[in-house]
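Here is a short report on one protein chain. Read it alongside the sequence and the coordinates.

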Amino acid sequence: MAKVSVEGAAGYSHHYPKVAIIVTANAKGKDNAMAVAWHSSISLNPPLYGVSIAPGRFTYELLLQAGEFGINFMPIDKAELVAAVGGSSGRDIDKFDKFGLAKETPLKTSVPILKDAYASYECKLFDHKIYGDHVWVVGEILASHFDQELFTEKQGLVLERFTPTLYLGADNYTTVANSVSRKLDRKVYGQG
């Protein structure tokens, strides 16, 4: 394999694939949703989750107003829905009506929890800070929703039972083609 070395980010796509999510928000009676690929867990105690959002996005405006937002993890059979939500603006259309986004009742917030998500977090806005051309939005997870049959007792995904939507960049989506998972105990392998 021949590697190439260049200055700069060279397309900035080497960190893909990422699990595709839909971030939801509600303020002043208006629901909105946006697709996000740049996101991460940050802390276990307190449980913090972060998403990277362009500051001009309507969802960002709503989540700042409300002080809360939702994180919705989507299965591959909803990849078209993720693309549709990501390819439209909530300023122009009601995405929930247009794309038939079904909601479930939240436990601790007023954020829309998507019925089609295999797992969702309700988050209270914890912090937000501009980095370059995006804002890193951090939420404290107040409640979790998940399909219990898709997770192990220790909350690991059971890939034999479902497939998550993975985003590859440039409007390309995929999923896990091989459902074989390997448990590699860090304590065992770290002994070297």
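In what follows, contact means heavy atoms within 4.5 Å. The model is a predicted one.

Asn 32 is found in strand E3. Leaving out residues up to four places away in sequence, Asn 32 touches Val 23, Thr 24, Ala 25, Phe 58, Thr 59, Leu 62, Gly 90, Lys 95 and Phe 96. Is Asn 32 buried or exposed? Asn 32 is buried, because its relative accessible area is 2% and buried means under 20%. The side chain of Asn 32 also has a polar partner: it makes a polar contact with the side chain of Thr 59, at 2.8 Å.

## Helix H1 and its cover

Thr 59 is also one of the buried residues of H1. Helix H1 spans 58-66. What covers these buried residues of H1? The cover includes strand E2 (21-27), E3, E5, E6, E9 and E10.

Just after H1 comes Gly 67. Gly 67 takes a positive phi of about 75°.

## The largest pocket

The largest pocket holds about 550 Å³ of space. Its lining has 29 residues. Which of them lie nearest its centre? Those are Met 34, Ala 35, Val 36, Arg 57 and Gly 86.

The largest share comes from E3, with five residues. By type, the lining divides into 16 nonpolar, nine polar and four charged residues.

## Strand E6, enclosed

Strand E6 covers residues 68-73. Why does E6 count as largely enclosed by the rest of the structure? Six of the six residues of E6 are buried, so the strand is largely enclosed. Glu 68, Gly 70 and Asn 72 point one way from E6. Phe 69, Ile 71 and Phe 73 point the other way. Both sets are buried.

Four bridges join E2 to E6, and the two strands run antiparallel. Thr 24 has Gly 70 in E6 as its bridge partner. Thr 24 is also among the residues that Asn 32 touches. E6 and strand E9 (residues 119-131) pair in the antiparallel sense over six bridges. Here Glu 68 stands opposite Lys 124 in E9, and Asn 72 stands opposite Ser 120 in E9.

Within it, Leu 125 stands opposite Gly 139 in E10.

How many residues lie between the strands of this hairpin? There are two residues between E9 and E10. In this hairpin, Gly 132 takes a positive phi near 60°.

## A three-stranded open sheet

An open sheet of three strands has the order E1-E11-E12, with antiparallel pairing. Its edge strands are strand E1 (18-19) and strand E12 (172-174), each pairing on one side only. E1 runs antiparallel to strand E11 (residues 166-169), with two bridges joining them. Lys 18 has Tyr 167 in E11 as its bridge partner.

## Backbone points to check

Two residues in the loop between E11 and E12 deserve a look. Ala 170 is found in this loop. Its phi is positive, about 50°, although Ala 170 is not a glycine. At 68% relative accessibility, Ala 170 counts as exposed, because exposed means over 50%. Asp 171 is in the loop between E11 and E12 as well. Phi of Asp 171 is near 65°, again a positive value in a residue other than glycine. Asp 171 counts as exposed too, at 65% relative accessibility.

Elsewhere, the peptide bond from Asn 45 to Pro 46 is cis. Its omega is near 5°. Pro 46 is found in the loop between strand E4 (39-43) and E5.

Definitions and conventions. Residues are numbered from 1 along each chain as its sequence is written. This is a predicted model: local features need pLDDT of at least 70, side-chain atom pairs count only at pLDDT 80 or more; totals for chains, interfaces and linings use all residues. Side-chain values use heavy atoms; hydrogens and water are left out. On a 1 Å grid over the protein atoms alone, a cavity is a set of points where a 1.4 Å probe fits but cannot get out, and a pocket is an open set with protein on both sides within 12 Å along at least five of seven lines; lining residues have an atom within 4 Å of a point. Grid points are joined across faces, edges and corners, and a volume is the space filled by probe spheres set on the points. Ala, Val, Leu, Ile, Met, Phe, Trp, Tyr, Cys and Pro count as nonpolar, Asp, Glu, Lys and Arg as charged, and the others, Gly among them, as polar. Buried means under 20% relative accessible area, exposed over 50%, partly exposed in between (1.4 Å probe, protein chains only). A polar contact is a pair of N or O atoms within 3.5 Å; within protein, one must be able to donate a hydrogen and the other to accept it, and residues adjacent in sequence count only if both atoms are side-chain atoms. Two strands pair if DSSP finds at least two bridges between them.
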